[in-house]
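Here is a quick tour of a single protein chain, written to be read alongside the viewer. Keep the structure open and follow along.

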Amino acid sequence: MKSEPESYSIDDMKRDGTTTWDGVRNYQARNYMQKEMAPGDLILFYHSNAEPTGVAGIIEVAGPPGPDETAWNHKSPYFDPDSKRDQPTWYCVPVKFKKKFARVIGLAEIKANKKLGSMVLVKPGTRLSVQPVSKEEFEIILELAD
DNA sequence: GCCAACGTTGGC
DNA sequence: GCCAACGTTGGC
């Protein structure tokens, strides 16, 4: 899961302990949260548009997906008048902090690692803020963080 | 700040 | 249904 640290960083995540991954307004990213994630799944927390950009730590799916309430909040930047109470357009999952890496695993380092060449993250033109990571890829990132 | 890549919107 | 215009993402 990607976040710009200027708006929400791994340090914010650590401070809060848990949060709801709301505000996602891309159907493919929503589908991953609504249909592919299960409580207990581990997640790489990625800092985008940052210095440095890269994986900053690990979080975990803390519960089942639910409607994204920000879509109903007129004051929210994520307000979406098309999302109805009885048929929400947007879903999100609660997440909880697990670990902050001692260093950020930079995008360049990930790109340079041959074993990570098939990560969705490094595929050209992939801008999804929520994207799948294989178990193998996840473990390689973990090793790099040690 | 630039710009390529992509998703969405809306006219036709 | 096509596609141009526009907005957003995100690396650099």
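Predicted model: local features only at pLDDT ≥ 70, side-chain atom pairs only at ≥ 80, totals over all residues.

Asn 49 has a relative accessibility of 64%, so it counts as exposed. Asn 49 sits in the loop between β3 and β4, and its phi is near 50 degrees, a positive value in a residue other than glycine.

That loop has something else to look at. Pro 52 also belongs to the stretch between β3 and β4, and a cis peptide bond, with omega at about 0 degrees, joins Glu 51 to Pro 52. Why pick out these two features? Most residues other than glycine have a negative phi, and most peptide bonds are trans.

## The overall layout

Zooming out, chain A is built from 4 helices and 7 strands. Starting at the N terminus, the order reads β-α-β-α-β-β-β-β-β-α-α.

How does the radius of gyration of chain A sit with that of a compact globule? For 146 residues, a compact globule would come in near 15 Å, and chain A has 15 Å, so the two agree. Laid along its principal axes, the C-alpha trace covers about 45 × 30 × 25 Å. Take the contacts between residues at least 6 apart in sequence: 69% of them link residues at least 24 apart.

## Surface and charge

Of the 146 residues in chain A, 44% are buried. The chain exposes about 8,400 Å², with carbon and sulfur atoms supplying 48% of that area.

On the charge side, there are 20 positive and 21 negative charges in chain A, and their mean positions lie 1 Å apart.

The largest nonpolar core has 20 residues, and the ones touching the most other members are Met 1, Trp 21, Met 33, Ile 59, Val 95 and Val 130. The largest share, 3 residues, is from β4.

Leaving out residues up to four places away in sequence, its contacts include Trp 21, Met 33, Ile 59, Val 95 and Val 130, along with Phe 45, Tyr 46 and Ser 129. There is also a second, separate core, this one with 15 residues, among them Leu 44, Ile 58, Leu 116 and Met 119. Leu 44 is one of the residues that Met 1 touches, too.

Asn 31 is part of helix α2. Which residue 60 places away in sequence has its C-alpha 8.1 Å from that of Asn 31? It's Tyr 91.

Ala 38 lies in the loop between α2 and β3. Its relative accessibility is 33%, so Ala 38 counts as partly exposed as well. Ala 38 and Glu 60 are 22 residues apart along the chain, and their C-alpha atoms are 9.5 Å apart.

## Between the last two helices

Pro 132 is found in the loop that runs between α3 (107-112) and α4 (135-145). Is Pro 132 buried, exposed or partly exposed? At 33% relative accessibility, Pro 132 counts as partly exposed.

Setting aside residues up to four places away in sequence, Pro 132 touches Tyr 32 and Val 120. Ile 43 is 89 residues from Pro 132 along the chain, and the C-alpha atoms of the pair are separated by 9.1 Å. Ile 43 also turns up among the contacts of Met 1.

Definitions and conventions: Residues numbered from 1 in each chain as written. Chains lettered and ligands numbered in written order. Heavy atoms only, no water. Rg over C-alpha atoms; globule rule 2.2 N^0.38 Å. Buried < 20%, exposed > 50% of the residue type's maximum accessible area, 1.4 Å probe, protein only. Contact = heavy atoms within 4.5 Å. Areas by Shrake-Rupley, 256 points an atom, 1.4 Å probe, with all protein chains shown as cover. Lys, Arg positive; Asp, Glu negative; His and termini not counted. Charge placed at Lys NZ, Arg CZ, Asp CG, Glu CD. Core = buried A, V, L, I, M, F, W, Y, C linked by side-chain atoms within 4.5 Å.
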